[in-house]
Every structure is written in structure tokens, then in C-alpha cells.
Amino acid sequence: MNFAGKIKSFFAKAPAVSPEFFDELSDLLVEGDLGVKESYTLVELLQERCKKENSASPEQARDCLAGLLEEMLHHVETAAGLPLMPETSGKAGPAVILLLGVNGVGKTTTAAKLAALCQSSGAKPVLAAADTFRAAAIDQLKIHGERLGLRVVAHQQGGDPAAVVYDAIEAAGKDGIVIADTAGRMHTKSALVDELRKIDRVVESKAARYSKYLVLDATTGRNAFAQAEIFCEAVTPEAAILSKYDSTAKGGVVFSLASGLRLPVAYLCTGEKYGDIQTFNPHNFAREFAGIN
Ligand SMILES: Nc1nc2c(ncn2[C@@H]2O[C@H](COP(=O)(O)OP(=O)(O)OP(=O)(O)O)[C@@H](O)[C@H]2O)c(=O)[nH]1
Ligand SMILES: [Mg+2]
């Protein structure tokens, strides 16, 4: 049974709230990728709240849990929809969206999905193949560009990613949107950070709006949190995008990103098709995680 099924069945079958009930719930939340510390703290809070509110039934406890989970997400402002509203800085220049993340998390696919999303609201984004590490990465983005009917700015393999982004910004023009793919791997971590900082300097000097999204693979569980810690320290992404959030993914890491790193989630990706992306809704996500829907 997947996590969603397990949590639903736990609340449905529990006879009443009891110390065992709360112990079992803590273990279940850990299994859902919430993190050991967060799970125990949350369940302690839940016990207090249930007592205060006289919530004696498992169903009441479940609703209370959903509320507490949602509060965890409201530590951070929701970042959904930001790239689709480029403006405000007063500076002339395009909006730039940069996708970050380690190998294979779904950066290139997500770049294409975001491009499709921008297209559906009438924009014509330019894709920037700033993953110059592998020739295949450039080709992969070009294929998406062809399918979507969008321009892809690319240089040769081994080229300077910051130069690719620069050219894409020029191509997009001052009201345009640039969506840039980046490499997940480098010879060393410091080389990757140097490369991303160089891109930052180009974007900050030329763009009116800059959104850096960290793509995290939901199926990697707590490992996604460890990746986020490293990226947040090195390159300050503004939000995460949770990819591969399909039927087997658990998603508890989202609460840890908010409470531990103050990193909001902007989008959830639920499959490989262009349309398989949705803006993150804290209320619905918290309820779903608590087994309500
Ligand atoms: N089910 C599912 N598969 C996804 C999703 N996003 C990406 N994938 C798949 O995951 C694999 C890796 O996706 P990519 O977009 O190539 O990942 P990447 O981060 O660009 O990988 P590198 O460029 O190698 O670092 C591909 O097979 C994608 O089709 C998603 O949201 N759901
Ligand atoms: Mg890629």
C-alpha cells in the first residue's frame, strides 16, 4: 500500500486516540518522509492540541493534524505562479527562470513543462540550454523546443552556460521570459557553484525578474532535503519544484523544506507529459498528506 493509502487506513481503523495511536502516527509520518525530529515535534503538538480542543476521535485528530501541517507550510510565502507574472522591479528586461538540481531530478523536463505553462497564458518563452555539460542535454531541450514550437538558444557542448543565458536574454527581449536548464553535475561541487554564480551575475545585470527553482525528486525521500540544504547554502533558490510526485511518492519532505529551510514549493510535477505540472496548494497538500481528500 502507498503512503496515502496507509495514512487513510490508519485513521479509518484506529479505535480511539491513545498513547499508542500517537506513537504509531509518529512512525507513519516518518515513513512519509517528514523527518524524525519534525514528526515527533508535530505529534507532540497534536497531542496538546487534541487535549485542548477536546478532540477525542481519530477523525478529529486527523483534521487537527492537517491544520498543523498547513501551518508548517505557512512559515513561508507561497511562491506559485511567480514566473508567470514577470514585472514589478521597474527595470526593463525579461524574466528569467533558472532550473537547478542534481542529476536526473527532472530539470530539463520541468523546464519544458514551465515553458508550456507560460505558453498557455499567452507568453512565448525562450528556452536556454545552459546545461552544456553533455551534448545530449542540449539535444533533449532542442527536442522540447521543437515540440512546443519555441526558440531554444544553445551553444556547443562544453560552452559557457552564462554566455548561453546572456544570449537567451537578448533573444527574449525586454518583455520576454527565459527558461534556462542547467547542468546537475560538474567535476566538483565548487565548479558547479562557480558556474551558477556566474549565471547569477549575468541575470542580475540584465533581467527584471529572476526566479531560481530547485528541482527535487519526490521519490528520493529525505535525500531531497539533503540536496536542498546544500543548494540553499550555495545559491539561494527562491522555491522548490517537486518532481515525480506520482502515486508512490510520499511528499513529507515538503514540510521539512518549509520549516527547516524556509524553502517554499512552487509546483508539483506528477508525470512526464507537459501538462503534468500544477501550482502548489498548501491547504490541499496538507490535507492530502493527512489522508483527507
Ligand atoms: N514520472 C515522472 N517522471 C519525470 C518527471 N520529471 C522528469 N521525469 C523523468 O525523469 C527522467 C529525468 O528527467 P530529466 O528532465 O532529464 O532530468 P534532469 O534533471 O534534466 O537530468 P540531467 O540533465 O541528467 O541532470 C526522465 O526520464 C523524465 O522523463 C515527473 O514529474 N514525473
Ligand atoms: Mg537535464
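Entry 1, the sheet. I found strand β6 (residues 239-243) paired with strand β7 (residues 265-269) in the parallel sense, over 3 bridges. Two strands pair if DSSP finds at least two bridges between them; strands are DSSP runs of E with at least two residues, helices are runs of H or I with at least four, and both are numbered from the N terminus. Ala-240 stands opposite Val-265 in β7.

This is a predicted model, in which local features need pLDDT of at least 70 and side-chain atom pairs count only at pLDDT 80 or more, while totals for chains, interfaces and linings use all residues. Residues are numbered from 1 along each chain as its sequence is written, and side-chain values use heavy atoms, leaving out hydrogens and water.

I next traced the open sheet of 8 strands, which has mixed pairing and the order β3-β2-β4-β1-β5-β6-β7-β8. Because β3 (152-153) and β8 (277-279) stand at the edges with a single partner strand each, one side of each is left without a neighbour in the sheet.

I recorded α9 (residues 222-235) packing with α10 (residues 253-261) at about 30°, their axes 9 Å apart. Axes are lines fitted to C-alpha atoms, for helices over the stretch in contact, and angles run from 0 to 180 degrees between N-to-C directions. The angle makes α9 roughly parallel to α10 (under 35 degrees).

Among the contacting residues (heavy atoms within 4.5 Å), I noted Phe-225 and Cys-232 in α9, and Leu-257 and Leu-261 in α10.

Definitions and conventions. Chains are lettered from A and ligands numbered from 1 in the order in which they are written. Angles under 35 degrees count as roughly parallel, over 145 as roughly antiparallel, 65 to 115 as roughly perpendicular and the rest as oblique.
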